[in-house]
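Have a look at the structure first, and then we can walk through it together.

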Amino acid sequence: MPTNPNHHVAVIGAGPAGIFAARALAKAGVEVALLNQHIRPGGLAEYGIYHRKHRLKAGLRKQFIKALEHPAIHYFGNVAVGEGKDISLEHLQAMGFDALLVTTGSQSPRRIGIPNEYAKGAYHASEIYYYYNGLPLYSQQAPEIGDRVLLIGIGNVMVDIATYLVTERKVKSVTAVARCGPCEIKFAKKEFMRIAANLDVDDFEEETKRIAKRLQEVGENLEGSRAFILSAYHHAEPTGSPTRFTFRFLSLPYEVLTNVEGRVKGLKVEDTYLVFTVGKRPIPYGLGTFRTLEADTIIYCVGTKADPSIGLPVWRDSFATAPRPRYPVHHTSYEAYNPQEMRFIEGIFLAGWARRANFGLVGAVRKDGELAAEAVLHYLAEKETANAPSPLGALGEHLKNLGKPIADKAAWHRLLEVEAREAEKRGTTGFRFTTNEEMLKAAGLA
Ligand SMILES: Cc1cc2nc3c(=O)[nH]c(=O)nc-3n(C[C@H](O)[C@H](O)[C@H](O)COP(=O)(O)OP(=O)(O)OC[C@H]3O[C@@H](n4cnc5c(N)ncnc54)[C@H](O)[C@@H]3O)c2cc1C
């Protein structure tokens, strides 16, 4: 593809999508400013993926270091982009960047919209995974977790949170609650094997009997799901924890029940039945009968959505993309769009979880970043470069005037070196600082 060495692109967000998009753009001859809210790059690969997956996290970090080595990638960590933040999208465009690629992930908790949803003792999963992963601010707010915990959702994130509760907090009971049946489980068997030893098998058998008729009515393969769970149980890793793990299916959260102090004491759920839809998964509807699940802690593992404060319209949890893209790649639209005004947002592209909230693991997101970079390159190929000074100068000046420390690649490397030395000293694997102050000091920026 023809490229112009004078093109400049600002990539906003240095998670896996942003990092690999930046590398693809740099390799094509574009100068890239990579702006990131967190001091360290990595996004949810650093602050989402389970903190004890040391090998996976270390392997990804190595890939990120290598990807960002390219001299045409200029990293600016500790910079929040958006309306009323360190710099806005409009300002970046006005500085002369030829295109912006937004890869800020999906940062806002999704809500399910029930009474008392966030009573004392109720959390969104992000508050828990940010806490155990040591994300500054969250790392200083230990969640108050009781003995009996309900997890809303049956995806990978639920399994991560359950792993934390079973293997580290060793709480009395953990129940995963789902409005649909076990056929909608969205976690890998290998992941579930981390906690399957704690499954109360008798309870699981009872639960599958309880819902069997309603699943058979819509042709759901209950036996397949049952075999999947029991196979994980038979191959489970030992946990050494007394926690009892159970499931409650076809149970739609209806209201969080609270005590006089306003603390969680349970969850009222409505029984559901499933309605078959051609070519899609069955949809759960309320039956009008209710049950109470007792608990002192509720954690919503229901995903996240894009944060509109960045300055882009959100459509169904993600930043809106153009329905008929001008630069499609593999039939996918990477172009930002204003659905209300039905117009392209000129020169702004999207990738990763910002383009499609919660859509996949790091491998898929990396590919998405690379394909988005292709879309940007198509756009740049049609765009004339003005003989203007590099916007990197204006950006550097603006950030300097903010009067806050900005982490570049060298600062990030210093931070990693100090953390590696600290880990060695403490005899631990994967030590990390958990406050901005400590990180900036280690990076030589305090
Ligand atoms: C709990 C959990 C566990 C997971 N476990 C696994 C796993 O085991 N294996 C796996 O492969 N995948 C896992 N994933 C998925 C993986 O983390 C994601 O696929 C991937 O991180 C998404 O990448 P992204 O670049 O789109 O967004 P993110 O990783 O969210 O990165 C977004 C980046 O944008 C920055 N940003 C946000 N807002 C702004 C702003 N306003 N200005 C500037 N910068 C901003 C953030 O600082 C961040 O660096 C997990 C995800 C979660 C939530």
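This is a predicted model: local features need pLDDT of at least 70, side-chain atom pairs count only at pLDDT 80 or more; totals for chains, interfaces and linings use all residues.

Several elements each supply at least two residues of the shell around the ligand: α1 (16–27), β2 (31–36), α2 (44–47), α6 (156–169) and α10 (362–381). Among these contributors, α1 gives the largest share of the shell, three residues. The shell holds 35 residues, and those that come nearest to the ligand are G13, G15, G43, G105 and G352. Sorted by class, the shell around the ligand contains 18 nonpolar, 15 polar and two charged residues.

Now step back to the domains. The domain assignment of the protein gives domain 1 (8–107 + 305–407) and domain 2 (111–302).

The centres of domain 1 and domain 2, taken over C-alpha atoms, are separated by 33 Å. Five residues from domain 1 and seven residues from domain 2 make up the contact. On the side of domain 1 that touches domain 2, the classes are two nonpolar, two polar and one charged residues.

| Helix pair | Axis distance | Angle | Handedness of crossing |
|---|---|---|---|
| α1 and α3 (residues 54–68) | 9 Å | about 30° | left-handed |
| α5 (residues 125–132) and α6 | 11 Å | about 55° | left-handed |
| α8 (residues 201–216) and α9 (residues 222–234) | within 11 Å | roughly 165° | right-handed |

Take α1 and α3 to start with. These helices pack at an angle of about 30°, and they are therefore roughly parallel to each other, as angles under 35 degrees count as such. From α1, the contact uses I19, F20 and R23, while α3 brings F64, A67 and L68. The residues of this contact of α1 with α3 divide into five nonpolar, no polar and one charged. As a reminder, α1 is also the element with the largest share of the ligand shell.

The pair of α5 and α6 has its axes 11 Å apart, at an angle of about 55°. The two helices are therefore oblique to each other. On the α5 side the contact is made by A125, I128, Y129 and Y132, and on the α6 side by V157, D160, I161 and Y164. By class, the contact of α5 with α6 has seven nonpolar, no polar and one charged residues.

How are the axes of α8 and α9 arranged? They come within 11 Å and cross at roughly 165°, which makes α8 roughly antiparallel to α9. The crossing in which α8 passes α9 is right-handed. Here V201, F204, T208, A212 and L215 in α8 meet L222, R226, I229 and Y233 in α9. The contact of α8 with α9 comprises seven nonpolar, one polar and one charged residues.

Conventions: Residues are numbered from 1 along each chain as its sequence is written. Axes are lines fitted to C-alpha atoms, for helices over the stretch in contact, and angles run from 0 to 180 degrees between N-to-C directions. Helices (H or I, at least four residues) and strands (E, at least two) are DSSP runs, numbered from the N terminus. Angles under 35 degrees count as roughly parallel, over 145 as roughly antiparallel, 65 to 115 as roughly perpendicular and the rest as oblique. A crossing is left-handed if the near helix is turned anticlockwise from the far one by less than a right angle, and right-handed if clockwise. Two residues are in contact if their C-beta atoms, placed from the backbone, lie within 7 Å. Ala, Val, Leu, Ile, Met, Phe, Trp, Tyr, Cys and Pro count as nonpolar, Asp, Glu, Lys and Arg as charged, and the others, Gly among them, as polar. A residue is near a molecule or strand if its C-beta atom, placed from the backbone, lies within 6 Å of it. Domain bounds come from an automatic or database domain assignment.
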